[in-house]
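Please find below some notes for your reading of this model.

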Amino acid sequence: MQKQPIPSQEELTRRIEVSQRRRPADLVIKNGRIINVYTREITTGDIAVVNGTIAAVGENYEGLETIDASGLFVSPGFIDGHIHVESTTLTPSEFAKVILPHGVTTIITDPHEIANVLGTKGIDYMLQNSEDLPLDLFFVLPSSVPATSFEHAGACLNADSLRPLYDHPRVLGLAEVMDYPAVVNTEPDMIRKIHDARSRTGIIDGHLAGLSADEINGYLAAGIRNDHECTTPEEALERIRLGMRVMIRQGSGSKNLPALIQAVTDQNAHRFSFCTDDKHIDELIQEGSVNHCVKEAIQLGLDPLLAYQMGTLHAAQCYDLHDRGAVAPGMKADLILISDLKEVKIERVIQNGKPASEGSKLLNEWSYKADGLDECINTVHLKPLSKADLQVKPAKETANIIEIIPGQIKTKHAKEKVALDAAGFFDPALNPDLQKLVVAERHQALGTVGTAIVRGFGLAPNSAIASTVSHDSHNLIAAGTSDDAILQAVDWLDHHQGGLVVVQDGKIIGEMELRLGGLMSIKNVKDAQHDMQTILEGLHQISPHATFNLFSILSFLALPVIPSLKLTDTGLFDVLSYSHIDV
């Protein structure tokens with residue numbers, strides 16, 4: 001399917017005439033130092049733009065408008081190759097306000113978070129809310145809703161559900177295929193999904209966390225050609241050697257860039273690009289996304305021009321977006337004017353040939369988009385919980401414990417003896433370095449609850465954190481050091497129809513409503529940022545020595561396709577053996 005619009009004959013004529021100086025351009029950028037991502041060199045010349053497209057790069061072009069870029073570098077707009085916008089806690093239109101001043105002009109998003117809650121209704125909302133923005137938001141369709149067959153999510157999407165959505169002009173393909181048993185066991189519906197994507201667009205995203213060499217071969221045989229789940233240089237090189245593209249992820253929960261950048265060489269760099277996957281509003285506002293990846297890669301010793309190439313051209317090539325990713329004739333005029341190449345200091349962003357931001361300020365900020373919200377709120381349907389539902393009773397003398405790895409969404413599987421109360425139940429008060437973990441189904445009030453023991457949150461006595469964001473089924477998840485604190489947090493989430501909450505000593509000390517699917521704030525950026533700040537302050541109060549975002553890590557402890565030990569509403573799950581186990 002043609003996803004990039006074909007210019008009319010009149011438009012082609014106008015571009016050619018501008019390129020030959022027979023008529024003025026709409027916009028000419030002069031005196032800039034152009035980052036050539038094809039050759040990794042700095043060049044000079046005028047950039048002539050007509051109707052959002054670069055018509056020429058050369059000398060002595062005139063335009064109806066001129067920008068003097070003296071002293072500045074001109075880069076293509078950055079491209080985030082894989083992100084779940086829902087994880088920013090913002091609606092797509094509010095998210096765009098945050099990310100555009102950071103020079104990110106194209107996003108490829110997988111809406112499987114909201115799809116797990118609301119099915120195609122949620123995808124329709126995301127498409128509608130992201131229309132007519134000064135930023136291109138492309139979609140890949142959720143392949144695994146739910147992520148596994150044994151969880152309870154809010155929806156189930158089969159191949160027939162997804163097929164009509166390929167007709168949308170901003171749908172590029174099939175999103176990360178997380179259900180690897182369905183692939184390697186050739187389950188019919190998964191094969192239909194893959195076949196539909198290959199026949200319509202050809203783009204299928206991978207999700208190869210912890211897979212063996214044989215399983216990777218199975219993914220490649222199916223036509224799955226990229227992965228963003230690498231955590232070691234060895235994993236990245238294994239995939240590159242087999243012909244995959246690797247997206248280096250640097251988000252809130254997974255900070256893989258420092259390790260993976262070691263795998264990048266001149267010989268293989270064309271197979272690497274950047275993504276964020278999941279990044280929270282506070283970090284997005286402070287750092288941005290792919291711009292920060294580029295900056296960090298340079299700080300870690302990568303050649304600056306190679307870092308820019310990975311943040312632009314390579315990402316465009318990964319998704320067959322042949323109309324962007326470079327400063328060249330025929331390319332979309334998504335451009336960034338940068339004063340410091342190594343620090344990625346952005347002075348101005350031009351999107352689709354029009355100035356979009358200066359410094360951190362949007363030039364033409366759009367109003368809040370409220371259409372469609374009513375269909376996507378009030379999604380928390382929780383069967384009331386009691387202390388009896390929270391009990392954890394190890395089946396053996398040695399308990400199975402989920403151990404957090406800071407900066408990673410993978411976990412360790414620890415086995416050790418824990419102190420029990422008089423009734424034989426695990427009590428966090430008797431185990432100061434351990435916490436209780438709870439996942440409760442919240443879509444249909446089924447009453448299924450999983451409990452486990454977790455290490456790594458460092459929570460204070462009589463405290464808890466809880467959320468309706470738990471990848472990917474997005475059931476309610478809580479961690480705490482007392483049952484009273486956990487139940488108080490659960491009650492708050494139920495009453496407010498989703499969100500993040502921090503509890504200590506019987507008080508709510510941090511709260512953020514996420515009423516849109518239990519995943520996103522229905523507030524504007526400024527108000528959502530304020531709410532997130534109360535969360536961060538609360539987290540610091542109950543876990544002052546944490547070196548990672550506790551809510552980001554918490555949200556992935558329920559994802560049973562990432563090794564090694566996770567908890568779902570149906571119980572403790574060993575990802576490596578792909579089976580439930582007793583605590």
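1. The buried residues of H12, where buried means under 20% relative accessible area with a 1.4 Å probe and protein chains only, are Val290, Asn291, His292, Cys293, Val294, Glu296, Ala297 and Ile298. Because 8 of the 10 residues of this helix (residues 290-299) are buried, H12 is largely enclosed by the rest of the structure. Just after H12, Gly301 takes a positive phi of about 105°.

2. The model is predicted, with local features needing pLDDT of at least 70 and side-chain atom pairs counting only at pLDDT 80 or more, while totals for chains, interfaces and linings use all residues. Residues are numbered from 1 along each chain as its sequence is written, and side-chain values use heavy atoms, leaving out hydrogens and water.

3. Helices (H or I, at least four residues) and strands (E, at least two) are DSSP runs numbered from the N terminus, and strands pair if DSSP finds at least two bridges between them. In the order S21-S20-S23-S22-S25-S24-S26-S27, 8 strands form an open sheet with mixed pairing. Its edge strands, each pairing on one side only, are S21 (411-417) and S27 (507-513).

4. Within this sheet, S24 (residues 463-467) pairs with S26 (residues 499-504) in the antiparallel sense over 5 bridges, and Ala466 stands opposite Val501 in S26. Helix H16 (residues 525-542) packs on the sheet and touches S24, S26 and S27, contact meaning heavy atoms within 4.5 Å. The direction of H16 makes about 145° with that of S27, where axes are lines fitted to C-alpha atoms, for helices over the stretch in contact, and angles run from 0 to 180 degrees between N-to-C directions.

Conventions
Buried < 20%, exposed > 50% of the residue type's maximum accessible area, 1.4 Å probe, protein only.
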